[in-house]
Amino acid sequence: MRKVLVFVNPDRDIGLKVCRQLAGVLLEAGVQPVMEAEAGRLLGLDGVALVQEPFLQQDYQAVFVLGGDGTILSCVKRMGSRLMPIIGINLGHVGFLTQVEPWDIKQAVAHFCRGEYTVDRRMMLEIALGDGTGERLLALNDMVIKREDFSHVTRLRLSVSGQALGEYVADGVVISTPTGSTAYALSAGGPVMAPNMQGMVLVPICAHSLFARPVVLSDGETLQVTTMQEGCSLAVDGIIVCRLEQGQSVTIRRAACSMPFISFGESPFYPRLMRKLSDWASPGALGSKEDKHDEK
């Protein structure tokens with residue numbers, strides 16, 4: 001029997017109603033759903049396998065994620081280097097990273113069982129402190145270096161593949177993948193990049209300059225950001241990782257791995273983009289649904 005991991009955000013799936021529906025559909029289709037023990041016990045459905053550390057296993061055919069984009073980012077973080085194909089079920093508001101709406105679960109599972117899907121691989125960033133030889137972090141969306149004291153700007157020195165790009169006097173900078181270009185980078189005035197592109201976008205946050213503009217870099221470049229003042233922090237996919245000291249550098253390049261997403265049928269990017277952004281801007285959007293794309 002094929003196995004899939006079901007990863008649910010209980011704050012978005014109140015009473016685990018959608019999760020119970022998904023698990024039932026999977027069992028009817030002859031697919032073994034596996035869940036983390038704590039969430040699985042709340043579900044209380046016979047036939048669902050419960051494990052303490054589900055992300056230590058790698059024999060899942062896919063991971064069904066129930067929540068919004070922030071839930072998917074959390075799932076990717078839990079995976080670490082063991083990246084498995086994701087099927088996102090949208091319980092958030094915008095859901096740039098999700099592929100399935102709750103009312104389409106039965107159809108999506110049927111397509112999945114028949115192998116009627118494509119796997120889209122999304123570029124990721126590799127982030128390391130210093131010259132890039134130390135511990136490495138992965139980002140699907142973006143990394144942010146930002147001043148902790150929001151009443152002051154900070155000064156950051158940037159170089160691209162060893163060539164000086166200059167200094168930014170700003171609240172900080174966002175370095176984003178094409179996938180993350182619709183998240184914090186977009187809010188900061190950056191361009192939208194199609195998710196199948198290969199590249200990075202550098203976006204200054206509230207730069208104190210008439211000439212500091214977003215820069216799109218090729219995926220073969222290595223970007224280095226050095227803090228020229230104390231009081232900055234580094235965040236990766238919306239999670240603060242560490243505090244940066246004055247003179248400390250962060251090196252960013254394309255990761256060797258990519259994040260696989262399963263999609264069903266055609267979903268043209270640009271009409272979907274406009275629809276999602278229109279939904280994002282609708283009244284009540286900020287208070288009624290899950291986090292924005294990057295959970296900032």
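The model is predicted, so local features need pLDDT of at least 70 and side-chain atom pairs count only at pLDDT 80 or more, while totals for chains, interfaces and linings use all residues. Residues are numbered from 1 along each chain as its sequence is written, and side-chain values use heavy atoms, with hydrogens and water left out. Helices (H or I, at least four residues) and strands (E, at least two) are DSSP runs, numbered from the N terminus.

**Helix 1**

- The end C-alpha atoms of helix 1 are 17 Å apart, which agrees with the 16 Å that its twelve residues should span at 1.5 Å a residue; the expected span is 1.5 Å times one less than the number of residues.
- Buried residues in helix 1 are V18, C19, L22, A23, V25 and L26; buried means under 20% relative accessible area, exposed over 50%, and partly exposed in between, with a 1.4 Å probe and protein chains only.
- They cover an arc of only 165° around the axis, which puts them on the same side of helix 1; the arc is that of the directions from the helix axis to the C-beta atoms.
- K17 and E28 are exposed on the other side of helix 1.
- The cover over the buried residues of helix 1 includes strand 1, strand 2 (32-36), helix 2 (37-43), strand 4 (62-67), strand 5 (86-90) and helix 4 (105-113); contact means heavy atoms within 4.5 Å.

- D13 sits in the loop between strand 1 (3-8) and helix 1 (17-28).
- Although D13 is buried, it has no salt bridge, and the nearest side chain of opposite charge, R20, is 7.4 Å away.
- For these charges, Lys and Arg count as positive and Asp and Glu as negative, while His and the chain ends are not counted.
- A salt bridge here is a side-chain nitrogen of Lys or Arg within 4 Å of a carboxyl oxygen of Asp or Glu.
- What D13 does have is a side chain that reaches the backbone nitrogen of C19 at 2.8 Å.
- Not counting residues up to four places away in sequence, D13 touches V8, V18, C19, L66 and L91.

**Helix 3**

- Helix 3 (residues 69-79) is largely enclosed by the rest of the structure, because eight of its eleven residues are buried.
- Those buried residues are D69, G70, T71, I72, L73, C75, V76 and M79.
- Strand 1, strand 4, strand 5, strand 6 (118-129) and strand 17 are among the elements that cover the buried residues of helix 3.
- Just after helix 3, G80 has a positive phi of about 65°.

**Two serines**

- S258 is found in strand 17 (residues 249-263) and counts as buried at 17% relative accessibility.
- The side chains of S258 and R121 are joined by a polar contact of 2.8 Å; a polar contact is a pair of N or O atoms within 3.5 Å, where within protein one must be able to donate a hydrogen and the other to accept it, and residues adjacent in sequence count only if both atoms are side-chain atoms.
- Leaving aside neighbours within four places in sequence, S258 is in contact with L83, R121, R122 and M124.
- S151 lies in the loop between strand 8 (142-147) and strand 9 (154-160) and is exposed, with a relative accessible area of 57%.
- The side chain of S151 makes polar contacts with the side chains of D149, at 2.7 Å, and H152, at 3.0 Å.

**Salt bridges**

- The whole structure holds ten salt bridges.
- In one of them, K3 pairs with D59, and the closest N and O atoms are 2.9 Å apart.
- K3 lies in strand 1 and D59 in the loop between strand 3 (49-51) and strand 4, so the pair ties together parts that are 56 residues apart in sequence.
- K3 counts as partly exposed at 22% relative accessibility, and D59 is partly exposed at 46%.
- R243 and E148 also meet in a salt bridge, at 2.9 Å from N to O.
- With R243 in strand 16 (residues 239-244) and E148 in the loop between strand 8 and strand 9, the pair ties together parts that are 95 residues apart in sequence.
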